[in-house]
Amino acid sequence: MSEVENKRTPRPLMGTDIFMMTSIIGKLGVKNLMRCFDAPDVKEARESGESENVEKLGQLIFLGVIDIVLERLEYCEGSICRLLSKLYGMTEDEIKALGASEYLNMFVDVIKDENFVDFFKQAYESVKRMM
């Protein structure tokens, strides 16, 4: 079986996943995540409103989130394993036993999901309104 045929796919994010995601956000730090949205490139893409900049905005936010996750990965390992196990229908032990490449690919697939990006946009807007 080729790697493409063997590729795992996550189930769609659901409302109840918010609880695990907020646990991860808490460990990453809200202020750290807000940096993703306040970066000059992100502000420029967000303010232009042009359709090609929507994709660029998603990519920039994705890169910002990856950077912060990598900085603070050790603090959220357990929460990330729990989220991946629920999304992929595996046990936490099965997730932990994966090879580094497969684990990273699964994680990247989740954070590239449109619902994941939308969740962070909404969370950012909510925090911004409270300030």
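**Confidence**

The mean pLDDT of the protein is 81. Of its residues, 88% score at least 70. Confidence is highest in helix 5 (residues 92-96), at a mean of 96. Helix 7 has the lowest, at 75. Over residues 1-5 the pLDDT is below 50. That stretch has one contact in the model beyond near neighbours in sequence. Where pLDDT is low, the predicted coordinates should not be read in detail.

**Helix 1**

Helix 1 covers residues 17-28, twelve in number. At 1.5 Å a residue they should span 16 Å.

An α-helix has 3.6 residues a turn, so residues three or four places apart point the same way.

After the helix comes G29. The phi of G29 is positive, near 95°.

**Helix 6**

Helix 6 runs over residues 100-112, with 13 residues. From first C-alpha to last it reaches 18 Å, close to the 18 Å expected at 1.5 Å a residue. Buried in helix 6 are Y103, M106, F107, V108, V110 and I111.

**Salt bridges**

The count comes to two salt bridges. One joins E102 and R8, with the closest N and O atoms 2.5 Å apart. E102 lies in helix 6, while R8 lies in the segment before helix 1, so the pair ties together parts that are 94 residues apart in sequence. Both partners are partly exposed: E102 has a relative accessibility of 31%, and R8 has 34%.

The other joins R11 and D17, whose closest N and O atoms are 2.8 Å apart. R11 is partly exposed, with a relative accessible area of 26%. D17 is buried, with a relative accessible area of 1%.

F120 lies in helix 7 (residues 114-130). S85 lies in helix 4 (residues 51-88).

| Residue | Relative accessible area | Class |
|---|---|---|
| D17 | 1% | buried |
| F120 | 7% | buried |
| S85 | 9% | buried |
| R11 | 26% | partly exposed |
| E102 | 31% | partly exposed |
| R8 | 34% | partly exposed |

Residues under 20% count as buried, so F120, at 7%, is in that class. Which residues does F120 touch, not counting residues up to four places away in sequence? They are I25, L33 and F37. F120 and F37 are 83 residues apart in sequence, yet their C-alpha atoms are 9.4 Å apart in space. Helix 7, where F120 lies, has the lowest mean confidence, at 75.

Neighbours within four places in sequence aside, S85 is in contact with M90, T91, E92 and I95.

Terms used: Residues numbered from 1 in each chain as written. Predicted model: local features only at pLDDT ≥ 70, side-chain atom pairs only at ≥ 80, totals over all residues. Heavy atoms only, no water. Helix = DSSP H or I, 4+ residues; strand = E, 2+ residues; numbered from the N terminus. Expected span 1.5 Å × (residues − 1). Buried < 20%, exposed > 50% of the residue type's maximum accessible area, 1.4 Å probe, protein only. Contact = heavy atoms within 4.5 Å. pLDDT = per-residue confidence, 0-100. Salt bridge = Lys/Arg side-chain N within 4 Å of Asp/Glu carboxyl O.
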